[in-house]
Amino acid sequence: MPPCAHALAEYVREEWPQGLPVVFGVMRDKRIVEMLQALEDVARPLVLTRAPGRRGADPASLAGAAAEAGVGPTLVEDDVEAA
């Protein structure tokens, strides 16, 4: 599991046991499925968006990765400002 995603999930569990909204955008060359799995039980809801820059993963592909990871439900918003 990616250390940063795991650390974030642990922090959220300690401070907000009921979870909180998480806006998730990431570079497409990262360990996306594992990151999403780490956030699964703390993101209420999980909003998938495009990270700024050319390397940002497409939100639709993030939704596919979330489904592969068994994470859901998710919201998809292409525009990071709207997310």
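Q: Before anything else, what do buried, exposed and partly exposed mean here?
A: Buried means under 20% relative accessible area, exposed means over 50%, and partly exposed is in between. The model is a predicted one.

Q: OK, take Q37. Where is it, and is it buried, exposed or partly exposed?
A: Q37 lies in helix α2. Its relative accessible area is 38%, so Q37 counts as partly exposed.

Q: What does Q37 touch, leaving out residues up to four places away in sequence?
A: Q37 touches A69 and V71.

Q: How many residues are in the largest nonpolar core?
A: That core has 21 residues. F24, V26, I32, L36, L46, L48 and L62 have the most contacts inside it.

Q: Which elements give two or more residues to this core?
A: They are α1 (3-15), β1 (20-24), α2 (32-39), β2 (43-48) and α3 (59-69). The largest share, five residues, is from α2.

Q: Pick L62. What does it touch, again leaving out residues up to four places away?
A: L62 touches F24, G25, V26, I32, L36, L48, T49 and A57.

Q: Now the strands. Do β1 and β2 run parallel or antiparallel, and how many bridges join them?
A: β1 and β2 run parallel and are joined by four bridges. F24 has L48 in β2 as its bridge partner.

Q: What about β2 and β3?
A: β2 also pairs with β3 (residues 74-76), in the parallel sense, over three bridges. There, L48 stands opposite V76 in β3.

Q: Which β-α-β units do these strands make, and are they right-handed or left-handed?
A: β1, α2 and β2 make a right-handed unit. β2, α3 and β3 make a right-handed unit as well.

Q: Last topic: H6. Where is it, and is it buried, exposed or partly exposed?
A: H6 is in helix α1. With a relative accessibility of 37%, H6 counts as partly exposed.

Q: How far is H6 from A82?
A: H6 and A82 are 76 residues apart along the chain, and their C-alpha atoms are separated by 26 Å.

Key. Residues are numbered from 1 along each chain as its sequence is written. This is a predicted model: local features need pLDDT of at least 70, side-chain atom pairs count only at pLDDT 80 or more; totals for chains, interfaces and linings use all residues. Side-chain values use heavy atoms; hydrogens and water are left out. A nonpolar core is a set of buried Ala, Val, Leu, Ile, Met, Phe, Trp, Tyr and Cys residues joined through side-chain atoms within 4.5 Å. Buried means under 20% relative accessible area, exposed over 50%, partly exposed in between (1.4 Å probe, protein chains only). Contact means heavy atoms within 4.5 Å. Two strands pair if DSSP finds at least two bridges between them. A crossover is right-handed if, with the strands pointing away from the viewer, the path from the first strand over the helix to the second runs clockwise.
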